[in-house]
Amino acid sequence: MKKLLFMLFATTSIVANAQNAVPKSATDIAPLLIGEKIPNSILKSSEDKAVNVSDLIKKKKTVLVFYRGGWCPYCNLHLSALAEAEKQILDLGYQVIAVSPDAPENLKITEEKDKVKYTLLSDSKGEFIKAFGIAFEAPENYKSVINVHSKGANTNFLPVPSVFVVNTDGDILFEYISPDFKHRITAELLVSVLKNLN
(Lines give C-alpha, C1' and ligand atoms only; values in the text may rest on other atoms or scores of the structure.)
Protein backbone atom coordinates (compact mmCIF):
# COMPACT_ATOMS: atom_id res chain seq x y z
CA MET A 1 0.00 0.00 0.00
CA LYS A 2 2.86 2.40 0.90
CA LYS A 3 4.47 1.68 -2.45
CA LEU A 4 1.21 2.45 -4.27
CA LEU A 5 0.77 5.73 -2.37
CA PHE A 6 4.37 6.71 -3.12
CA MET A 7 3.89 5.98 -6.84
CA LEU A 8 0.67 8.01 -6.87
CA PHE A 9 2.39 10.94 -5.11
CA ALA A 10 5.41 10.75 -7.44
CA THR A 11 3.18 10.72 -10.55
CA THR A 12 1.14 13.67 -9.26
CA SER A 13 4.33 15.63 -8.52
CA ILE A 14 5.73 14.96 -11.99
CA VAL A 15 2.49 16.09 -13.67
CA ALA A 16 2.32 19.24 -11.50
CA ASN A 17 5.96 20.07 -12.24
CA ALA A 18 5.47 19.52 -15.96
CA GLN A 19 2.57 21.97 -15.96
CA ASN A 20 4.63 24.57 -14.08
CA ALA A 21 7.80 23.99 -16.05
CA VAL A 22 8.82 26.50 -18.68
CA PRO A 23 10.94 25.66 -21.71
CA LYS A 24 14.70 25.88 -21.21
CA SER A 25 15.28 28.32 -24.08
CA ALA A 26 13.50 30.98 -26.12
CA THR A 27 13.55 28.74 -29.20
CA ASP A 28 11.65 25.94 -27.40
CA ILE A 29 8.45 27.88 -26.70
CA ALA A 30 5.04 26.82 -28.05
CA PRO A 31 3.03 30.06 -28.40
CA LEU A 32 -0.66 30.43 -29.06
CA LEU A 33 -1.41 30.60 -32.79
CA ILE A 34 -3.35 32.91 -35.07
CA GLY A 35 -7.06 32.05 -34.76
CA GLU A 36 -6.78 30.92 -31.14
CA LYS A 37 -8.42 32.81 -28.26
CA ILE A 38 -6.23 34.54 -25.72
CA PRO A 39 -6.57 33.49 -22.07
CA ASN A 40 -8.05 35.80 -19.48
CA SER A 41 -6.04 37.00 -16.53
CA ILE A 42 -6.10 39.55 -13.74
CA LEU A 43 -2.96 41.70 -13.97
CA LYS A 44 -1.79 44.79 -12.07
CA SER A 45 -1.68 48.35 -13.37
CA SER A 46 1.14 50.79 -12.63
CA GLU A 47 -1.12 52.06 -9.80
CA ASP A 48 -1.13 48.49 -8.39
CA LYS A 49 -4.83 48.04 -9.21
CA ALA A 50 -6.25 44.72 -10.43
CA VAL A 51 -7.10 44.80 -14.16
CA ASN A 52 -9.17 42.16 -15.95
CA VAL A 53 -7.53 41.74 -19.37
CA SER A 54 -10.76 40.50 -21.01
CA ASP A 55 -12.59 43.65 -19.95
CA LEU A 56 -9.90 45.80 -21.61
CA ILE A 57 -9.88 43.72 -24.80
CA LYS A 58 -13.68 43.88 -25.16
CA LYS A 59 -13.51 47.70 -25.40
CA LYS A 60 -11.29 47.90 -28.47
CA LYS A 61 -9.17 45.85 -30.87
CA THR A 62 -5.77 45.51 -29.22
CA VAL A 63 -2.06 45.42 -29.96
CA LEU A 64 -0.84 43.27 -27.07
CA VAL A 65 2.90 43.58 -26.50
CA PHE A 66 4.99 41.36 -24.22
CA TYR A 67 8.38 42.70 -23.18
CA ARG A 68 11.12 41.53 -20.82
CA GLY A 69 11.12 44.55 -18.51
CA GLY A 70 12.01 48.20 -18.15
CA TRP A 71 15.62 47.16 -17.43
CA CYS A 72 16.03 45.90 -21.04
CA PRO A 73 17.35 48.57 -23.46
CA TYR A 74 15.87 46.77 -26.51
CA CYS A 75 12.45 46.74 -24.81
CA ASN A 76 12.72 50.45 -24.01
CA LEU A 77 13.52 51.28 -27.65
CA HIS A 78 10.53 49.20 -28.77
CA LEU A 79 8.17 50.78 -26.23
CA SER A 80 9.32 54.27 -27.24
CA ALA A 81 8.78 53.49 -30.93
CA LEU A 82 5.26 52.27 -30.13
CA ALA A 83 4.63 55.47 -28.15
CA GLU A 84 5.62 57.53 -31.20
CA ALA A 85 3.31 55.46 -33.45
CA GLU A 86 0.45 55.35 -30.94
CA LYS A 87 -1.60 58.08 -32.64
CA GLN A 88 -1.55 56.13 -35.94
CA ILE A 89 -2.46 52.93 -34.07
CA LEU A 90 -5.34 54.66 -32.27
CA ASP A 91 -6.55 56.22 -35.55
CA LEU A 92 -6.77 52.69 -36.99
CA GLY A 93 -9.08 51.70 -34.12
CA TYR A 94 -6.63 49.83 -31.89
CA GLN A 95 -5.36 50.29 -28.36
CA VAL A 96 -1.88 49.30 -27.13
CA ILE A 97 -1.36 47.21 -23.99
CA ALA A 98 2.14 46.13 -22.94
CA VAL A 99 2.79 43.37 -20.39
CA SER A 100 5.98 42.48 -18.54
CA PRO A 101 7.05 40.66 -15.36
CA ASP A 102 8.01 44.03 -13.81
CA ALA A 103 6.28 44.96 -10.53
CA PRO A 104 3.71 47.81 -10.74
CA GLU A 105 6.07 50.44 -9.27
CA ASN A 106 8.64 49.63 -11.96
CA LEU A 107 5.98 50.12 -14.66
CA LYS A 108 5.68 53.75 -13.50
CA ILE A 109 9.42 54.26 -14.08
CA THR A 110 9.10 52.79 -17.60
CA GLU A 111 6.07 55.00 -18.38
CA GLU A 112 8.07 58.12 -17.54
CA LYS A 113 11.35 57.04 -19.13
CA ASP A 114 9.83 55.89 -22.42
CA LYS A 115 7.10 58.60 -22.54
CA VAL A 116 4.41 55.92 -22.67
CA LYS A 117 0.74 56.91 -22.55
CA TYR A 118 -0.66 53.47 -23.40
CA THR A 119 -1.41 50.81 -20.77
CA LEU A 120 1.44 48.93 -19.08
CA LEU A 121 0.48 45.88 -17.01
CA SER A 122 2.41 43.74 -14.54
CA ASP A 123 2.44 39.93 -14.74
CA SER A 124 5.11 39.33 -12.10
CA LYS A 125 4.07 35.73 -11.46
CA GLY A 126 3.92 35.04 -15.20
CA GLU A 127 0.54 33.31 -15.32
CA PHE A 128 -0.61 35.29 -18.38
CA ILE A 129 2.79 35.05 -20.10
CA LYS A 130 2.93 31.28 -19.48
CA ALA A 131 -0.67 30.84 -20.73
CA PHE A 132 0.43 32.45 -24.03
CA GLY A 133 3.22 29.86 -24.28
CA ILE A 134 5.96 32.49 -24.57
CA ALA A 135 7.72 32.05 -21.19
CA PHE A 136 11.12 30.39 -20.99
CA GLU A 137 13.69 29.78 -18.29
CA ALA A 138 15.75 32.91 -17.71
CA PRO A 139 19.49 32.53 -18.20
CA GLU A 140 21.41 32.57 -14.90
CA ASN A 141 22.84 36.07 -15.50
CA TYR A 142 19.29 37.57 -15.67
CA LYS A 143 17.84 35.96 -12.55
CA SER A 144 18.94 38.63 -10.07
CA VAL A 145 17.73 41.45 -12.38
CA ILE A 146 14.25 39.96 -12.88
CA ASN A 147 14.01 39.17 -9.17
CA VAL A 148 14.69 42.82 -8.27
CA HIS A 149 12.37 44.28 -10.95
CA SER A 150 9.49 41.94 -10.07
CA LYS A 151 9.96 42.63 -6.33
CA GLY A 152 10.79 38.96 -5.73
CA ALA A 153 7.75 37.50 -7.55
CA ASN A 154 9.77 36.25 -10.53
CA THR A 155 13.06 34.44 -10.17
CA ASN A 156 13.13 32.10 -13.13
CA PHE A 157 11.32 33.14 -16.34
CA LEU A 158 11.36 35.69 -19.14
CA PRO A 159 8.82 36.25 -21.91
CA VAL A 160 9.97 35.99 -25.51
CA PRO A 161 9.34 39.52 -26.88
CA SER A 162 6.06 39.22 -28.77
CA VAL A 163 3.27 41.25 -30.33
CA PHE A 164 -0.25 39.83 -30.71
CA VAL A 165 -3.05 41.69 -32.48
CA VAL A 166 -6.43 40.59 -31.13
CA ASN A 167 -10.04 41.49 -31.83
CA THR A 168 -12.64 42.37 -29.19
CA ASP A 169 -13.56 38.67 -28.84
CA GLY A 170 -9.94 37.87 -27.93
CA ASP A 171 -9.15 36.05 -31.20
CA ILE A 172 -5.53 36.35 -32.36
CA LEU A 173 -5.42 38.00 -35.81
CA PHE A 174 -1.66 38.46 -36.11
CA GLU A 175 1.47 37.67 -34.12
CA TYR A 176 5.16 38.52 -34.22
CA ILE A 177 7.34 36.45 -31.88
CA SER A 178 11.10 36.89 -31.78
CA PRO A 179 13.23 34.44 -29.77
CA ASP A 180 16.14 36.82 -30.47
CA PHE A 181 15.33 39.63 -28.01
CA LYS A 182 17.35 42.12 -30.09
CA HIS A 183 14.86 41.90 -32.98
CA ARG A 184 11.41 43.52 -32.70
CA ILE A 185 8.71 44.33 -35.20
CA THR A 186 9.14 47.94 -36.33
CA ALA A 187 6.35 50.41 -35.63
CA GLU A 188 6.09 51.04 -39.40
CA LEU A 189 5.56 47.36 -40.16
CA LEU A 190 3.04 47.03 -37.33
CA VAL A 191 1.03 50.00 -38.61
CA SER A 192 1.09 48.46 -42.07
CA VAL A 193 -0.20 45.14 -40.65
CA LEU A 194 -3.01 46.95 -38.83
CA LYS A 195 -4.04 48.74 -42.04
CA ASN A 196 -4.22 45.37 -43.84
CA LEU A 197 -6.26 43.82 -41.04
CA ASN A 198 -8.85 46.64 -41.17
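Me: Which residue forms a salt bridge with lysine 108?

Reply: This is a predicted model, and in it lysine 108 pairs with glutamate 47, their closest N and O atoms lying 3.5 Å apart. The whole structure contains 6 salt bridges.

Me: At what angle do helix α3 and helix α7 pack?

Reply: In general, a packed pair of helices is described by the angle between the axes and by the distance between them. Here helix α3 (residues 73–91) and helix α7 (residues 187–197) pack at about 25 degrees, with axes 10 Å apart. Angles under 35 degrees count as roughly parallel, and α3 and α7 are therefore roughly parallel to each other. Their crossing is right-handed.

Me: Which residues of α3 and α7 meet?

Reply: From α3 come Ala81, Leu82, Ala85, Gln88 and Ile89; they meet Ala187, Leu190, Val191 and Leu194 of α7. Of the residues in this contact, 8 are nonpolar, 1 is polar and none is charged.

Me: Where does pLDDT stay under 50?

Reply: That occurs over residues 4–19, for which the model has 0 contacts beyond four places in sequence. The protein chain averages a pLDDT of 90, and 90% of the residues score at least 70.

Note on methods
Residues are numbered from 1 along each chain as its sequence is written. This is a predicted model: local features need pLDDT of at least 70, side-chain atom pairs count only at pLDDT 80 or more; totals for chains, interfaces and linings use all residues. Side-chain values use heavy atoms; hydrogens and water are left out. Axes are lines fitted to C-alpha atoms, for helices over the stretch in contact, and angles run from 0 to 180 degrees between N-to-C directions. Helices (H or I, at least four residues) and strands (E, at least two) are DSSP runs, numbered from the N terminus. Angles under 35 degrees count as roughly parallel, over 145 as roughly antiparallel, 65 to 115 as roughly perpendicular and the rest as oblique. A crossing is left-handed if the near helix is turned anticlockwise from the far one by less than a right angle, and right-handed if clockwise. Contact means heavy atoms within 4.5 Å. Ala, Val, Leu, Ile, Met, Phe, Trp, Tyr, Cys and Pro count as nonpolar, Asp, Glu, Lys and Arg as charged, and the others, Gly among them, as polar. pLDDT is the predictor's confidence in each residue, from 0 to 100. A salt bridge is a side-chain nitrogen of Lys or Arg within 4 Å of a carboxyl oxygen of Asp or Glu.
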